[in-house]
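Okay, thanks for having me, everyone.

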Amino acid sequence: MLTHSFKVFFLPPIISPIFATHVLTNKMFKDKVVAITGGSDGIGKALIDEFIKHGAKIATCGRNHDKLYHLQVQYPKNLLHTIVADVSNENDCKRFIDTTLQTFGGIDILINNAGISMRALVKDVDLNTIKKVMDTNFWGTVYCTKFALDSVMERKGTIVGVSSIAGYRGLPGRSGYSASKHAINGWLEALRTELLDKGVNVMWVCPGFTTSNIRNVALNNDAKPQGESPMDESKMMTAEECARHIVKAIEKRKRTLVLTFTGKQTVLMNKFFPAWADKLVRNYFFKNGELIK
Ligand SMILES: NC(=O)c1ccc[n+]([C@@H]2O[C@H](COP(=O)([O-])OP(=O)(O)OC[C@H]3O[C@@H](n4cnc5c(N)ncnc54)[C@H](OP(=O)(O)O)[C@@H]3O)[C@@H](O)[C@H]2O)c1
């Protein structure tokens, strides 16, 4: 009689890796505690659905009580802990992490996902727009990581920063956003190096354009949500697909993850042909001297 592993090996080639990964993933995340900032929408929400499928327990936060309430009614309290917290506020981050530790006893995986974007040229922008983006994206990551670190170290877990292609390549109209994502990559790279001998994996993931609410609520010149997306959201990667890639990268304890063909192309072009990348990016975002995206 064939053994279990022998049988998996001889499944048709298309089925066997999927089957093997599914079994491995289920085992790996079962009863693990995953703290995800900004889980009430977009990529964060898709990450929660994916991790819960694999048996994990989740803690999440956001600024809007109603969105969190809708999320909480989907899942029982022993699987999902939600709390209203603004990650740009140090005390809120401490409350989010402390209540997660009280609820579940520790944190195995921290995903710094909460983020906001902007769309305003440097010459026109109110400095508050850039400050708000930095406070949320960069400082939110720093606060939550600092407060969760002891527990993640004790459990030899994983710290993730949801960065962006803008963390490798500055994008026009998104100067503060690009700065915040470059800062996240650098900060996490330093942390990763500090923790190399501690069994903690630190990674930053860089989604390409992904369908979500982020462009609708991106801050304009006056630090107010712009109210609409300047791009065709239907042509982008879905948040669900993005989340599946992130979960797989966490499972494999990867160093970084860059998503979408255009995203990978942009990062490569910028590394080897930066001046050419300047022109291509400029042509993509501008028409007749106007920022159109
Ligand atoms: N979508 C893309 O194309 C794309 C591409 C590259 C990288 N990313 C990154 O992916 C991450 C998730 O973005 P998304 O596209 O899923 O955006 P989204 O749909 O706008 O969701 C953002 C989530 O973060 C929460 N959030 C925002 N500001 C917060 C704050 N100060 N404190 C706590 N929670 C906050 C939001 O809830 P509340 O509004 O209730 O606070 C929401 O749950 C971000 O870091 C973003 O930069 C996105």
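This is a predicted model: local features need pLDDT of at least 70, side-chain atom pairs count only at pLDDT 80 or more; totals for chains, interfaces and linings use all residues.

Tyr 69 sits in helix α4, residues 65-72. It counts as exposed, because there are 12 C-beta neighbours inside 10 Å, and the cut-off for exposed is 12 or fewer.

Hold on to Tyr 69 while we look at Lys 156. The two are 87 residues apart in sequence, and C-alpha to C-alpha they are 32 Å apart in space. Lys 156 is in the loop between α6 (127-154) and β5 (158-162), and it counts as exposed too, since it has 12 C-beta neighbours inside 10 Å. There is also something about its backbone: phi is positive, about 50 degrees, and this is not a glycine. Most residues other than glycine have a negative phi. You'll find Ala 223 in the loop between β6 (201-206) and α8 (239-251). With 17 other C-beta atoms within 10 Å, Ala 223 is partly exposed.

Let's zoom out. The protein chain comes to 10 helices and nine strands. How does its radius of gyration compare with that of a compact globule? For 293 residues you'd expect a value near 19 Å, and the chain has 20 Å, so that agrees. The C-alpha atoms fill a box of roughly 70 × 45 × 40 Å along the principal axes. Of the 293 residues, 41% count as buried. And if you take contacts between residues at least 6 apart in sequence, 69% of them join residues at least 24 apart.

Now the inside. The largest nonpolar core has 57 residues, and the ones with the most contacts inside it are Val 34, Ala 35, Leu 47, Leu 110 and Cys 144. Take Leu 110: setting aside neighbours within four places in sequence, its contacts include Ala 35, Cys 144, Ala 148 and Val 152. There's another core lying apart from that one, with 10 residues, among them Ile 130, Tyr 177, Ile 214 and Ala 218.

Ala 35 brings us to the strands. Its bridge partner in β2 is Ala 59, and β1 (residues 33-37) pairs with β2 in the parallel sense over five bridges. Why call β2 largely enclosed by the rest of the structure? Because six of its six residues are buried. Lys 57, Ala 59 and Cys 61 point one way, while Ile 58, Thr 60 and Gly 62 point the other.

Which of the 30 residues around the ligand come nearest? Those are Gly 38, Gly 42, Asn 64, Gly 115 and Ser 212. By class, the shell has 10 nonpolar, 16 polar and four charged residues.

Last stop, Thr 266, in helix α9, residues 261-272. Thr 266 is buried, with 23 other C-beta atoms within 10 Å. Beyond residues up to four places away in sequence, it touches Ile 165 and Arg 169. Thr 266 and Arg 169 are 97 residues apart along the chain, yet their C-alpha atoms are separated by 7.5 Å. That's my tour, so over to you.

Notes
Residues are numbered from 1 along each chain as its sequence is written. A residue is near a molecule or strand if its C-beta atom, placed from the backbone, lies within 6 Å of it. Ala, Val, Leu, Ile, Met, Phe, Trp, Tyr, Cys and Pro count as nonpolar, Asp, Glu, Lys and Arg as charged, and the others, Gly among them, as polar. Helices (H or I, at least four residues) and strands (E, at least two) are DSSP runs, numbered from the N terminus. A residue is buried if 20 or more other C-beta atoms lie within 10 Å of its own, exposed if 12 or fewer, and partly exposed in between; C-beta atoms are placed from the backbone. A nonpolar core is a set of buried Ala, Val, Leu, Ile, Met, Phe, Trp, Tyr and Cys residues joined through C-beta atoms within 7 Å. Two residues are in contact if their C-beta atoms, placed from the backbone, lie within 7 Å. The radius of gyration is taken over C-alpha atoms; the globule rule is 2.2 Å times the number of residues to the power 0.38. Two strands pair if DSSP finds at least two bridges between them.
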